[in-house]
Amino acid sequence: TRLADVVNPIEIIRQYYDPASELFAILTGHSLAVAGMAVEIANKHPELNADMQFIYEAAMLHDIGIIRTDAPGIGCHGDMPYICHGILGCMMLLEQGLERHAMVCERHTGAGITAEDIIASNLPLPHRDMLPITIEEKIICYADKYFSKSRELSYRKTFEEALKSVSKFGQGSEERFLQLHEMFK
């Protein structure tokens with residue numbers, strides 16, 4: 001990785017979040033936990049040839065869109081439903097010229113969401129598949145399911161707790177999570 005290619009996620013987050021705010025602390029605390037697990041997975045599986053620098057950067061930025069959602073429990077006072085944080089983050093990072101990072105935002109919700117799931121559940125999302133495609137997207141999506149933003153930020157859920165959290169996105173999400181678990185355990 002050339003230094004010019006390295007993204008400083010904290011500098012990008014500071015463009016949208018007040019560093020003195022509780023929301024900044026929640027976002028960065030959650031993102032650091034996810035990044036730590038994602039890098040751990042990539043290190044455990046060198047055969048995947050995952051881009052470590054990108055994993056760290058994208059894991060730090062995957063939830064940047066939460067600030068534009070209405071989730072007062074974690075200090076978000078935007079006007080969009082929380083389920084939209086992925087596409088909102090995607091738009092924010094596209095504005096920054098970070099297309100690869102933006103796709104992680106869009107594709108990490110649940111264990112990915114299909115257009116079919118979006119339509120069947122009447123979700124306020126574009127009617128397209130938002131499934132993790134690259135190995136880096138899959139690793140970050142999987143690691144994200146182990147950490148919450150509404151409890152102790154560094155608490156790593158058990159596999160059973162993580163599975164339960166994706167089950168609310170439907171059986172397809174549960175099956176995709178189980179597939180990711182088989183790849184990364």
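1. Buried means under 20% relative accessible area, exposed means over 50%, and partly exposed lies in between, with a 1.4 Å probe and protein chains only. By that criterion Cys 76 is buried, at 0% relative accessibility, and Cys 105 is likewise buried, with a relative accessible area of 0%.

2. This is a predicted model, in which local features need pLDDT of at least 70 and side-chain atom pairs count only at pLDDT 80 or more, while totals for chains, interfaces and linings use all residues. Residues are numbered from 1 along each chain as its sequence is written, and side-chain values use heavy atoms, with hydrogens and water left out.

3. Zero disulfides (pairs of cysteine sulfur atoms within 2.5 Å) are found in a search of the whole structure. For Cys 76, the nearest cysteine sulfur belongs to Cys 84, 13 Å away; for Cys 105, the nearest is that of Cys 90, at 6.6 Å.

4. The whole structure holds ten salt bridges, each defined as a side-chain nitrogen of Lys or Arg within 4 Å of a carboxyl oxygen of Asp or Glu. One of them joins Glu 106 to Arg 128, with the closest N and O atoms 2.8 Å apart, and this pair links distant parts of the chain, 22 residues apart. Glu 106 is buried at 9% relative accessibility, whereas Arg 128 is partly exposed at 38%.

5. Lys 145 and Asp 144 also meet in a salt bridge, at 3.1 Å from N to O; Lys 145 is buried at 7%, and Asp 144 is buried at 9%.

Note on methods:
Helix = DSSP H or I, 4+ residues; strand = E, 2+ residues; numbered from the N terminus.
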